Amino acid sequence: MQTDYRFTDWFLQYWSRVALPLGLVLALLSPLIFKAYGLVVLLVFLQLVIYLFHQYEEHAQGKFKAFANQMIAGGQPKIGDLPIFWINIVGVWIIYLMVIYGAVLSNPALGLIAAYTTLINGLLHILASIATRRYNPGLITSLILFLPMSIYTIAIINGLPDTTSTYHLLGIGAALVVHALTFGYLGSIARR
């Protein structure tokens, strides 16, 4: 019996597992990014790379979905694969790609959007772990990758002559909006 194979179904199911080899391949491109664009763009680029590793930890075994349904949906299986997919593809892959382009083509200080988004996500994982007194999916990469890399990136970009407080406010504001939209979206699903 032949079944219809659709790439979209496969990608929806396995996108987070694709994140690990994609992150490794992009990490191997890092020396070329550094050579072509320098340290600042490399650090902005690495925000996407480390986020891919984070997504693997968080989603590859369905751990975040189970955690979100427990914590946000009261134990009901309301938050499914599709909203998690869109949050991560649009909220990370596409936004970070746009930020990388902005950092290269416009102003490297735009990289603060990715750095602050990474930092806030890491801090949220840590705060959730403290509040619940247990591991949550994504905590390990938040501790060992997100905090040091985002703080270092923010510090380096802050040292650039064209980096003003406006860019910091833009980065923090964009990060807060992304996270507010994410939690709002998941909350609306949980209330259905």
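1. Helices (H or I, at least four residues) and strands (E, at least two) are DSSP runs, numbered from the N terminus. On a 1 Å grid over the protein atoms alone, a pocket is an open set of points where a 1.4 Å probe fits, with protein on both sides within 12 Å along at least five of seven lines, and its lining residues have an atom within 4 Å of a point.

2. The model is predicted, with local features needing pLDDT of at least 70 and side-chain atom pairs counting only at pLDDT 80 or more, while totals for chains, interfaces and linings use all residues. Residues are numbered from 1 along each chain as its sequence is written, and side-chain values use heavy atoms, with hydrogens and water left out.

3. Trp93 is in contact (heavy atoms within 4.5 Å) with Phe11, Trp15, Ala19, Leu22, Leu48, Leu52, Gln55 and Asn88, its neighbours within four places in sequence being left aside.

4. Of the 21 residues of H3, 18 are buried, so this helix is largely enclosed by the rest of the structure. Here buried means under 20% relative accessible area, exposed over 50%, and partly exposed in between (1.4 Å probe, protein chains only). From first C-alpha to last, H3 reaches 30 Å, close to the 30 Å expected at 1.5 Å a residue; the expected span is 1.5 Å times one less than the number of residues.

5. The largest pocket has a volume of about 500 Å³, a volume being the space filled by probe spheres set on grid points that are joined across faces, edges and corners. It is lined by 26 residues, of which Glu58, Phe64, Asn121, His125 and Phe183 are the closest to its centre. H3, H4, H5, H6 and H8 each supply at least two lining residues, and H6 gives the most, with six. The lining has 14 nonpolar, eleven polar and one charged residues; Ala, Val, Leu, Ile, Met, Phe, Trp, Tyr, Cys and Pro count as nonpolar, Asp, Glu, Lys and Arg as charged, and the others, Gly among them, as polar.

6. The second largest pocket holds about 200 Å³ of space. Among its 13 lining residues, Gln13, Ser16, His59, Gly62 and Asp81 lie nearest its centre. H1 and H5 each supply at least two residues of this lining, and the largest share, six residues, comes from H1. By class, the lining divides into five nonpolar, five polar and three charged residues.

7. H8 has 26 residues and reaches 37 Å between its first and last C-alpha, close to the 38 Å expected. Its buried residues, including Gly171, Val178, Thr182 and Leu186, pack against H4, H5, H6 and H7. Ile87, in helix H5, is buried, with a relative accessible area of 16%. Not counting residues up to four places away in sequence, Ile87 touches Val92, Thr182, Tyr185 and Leu186.

8. Arg133 lies in the loop between H6 and H7 and is exposed, with a relative accessible area of 77%. The phi of Arg133 is near 55°, a positive value in a residue other than glycine. Most residues other than glycine have a negative phi.
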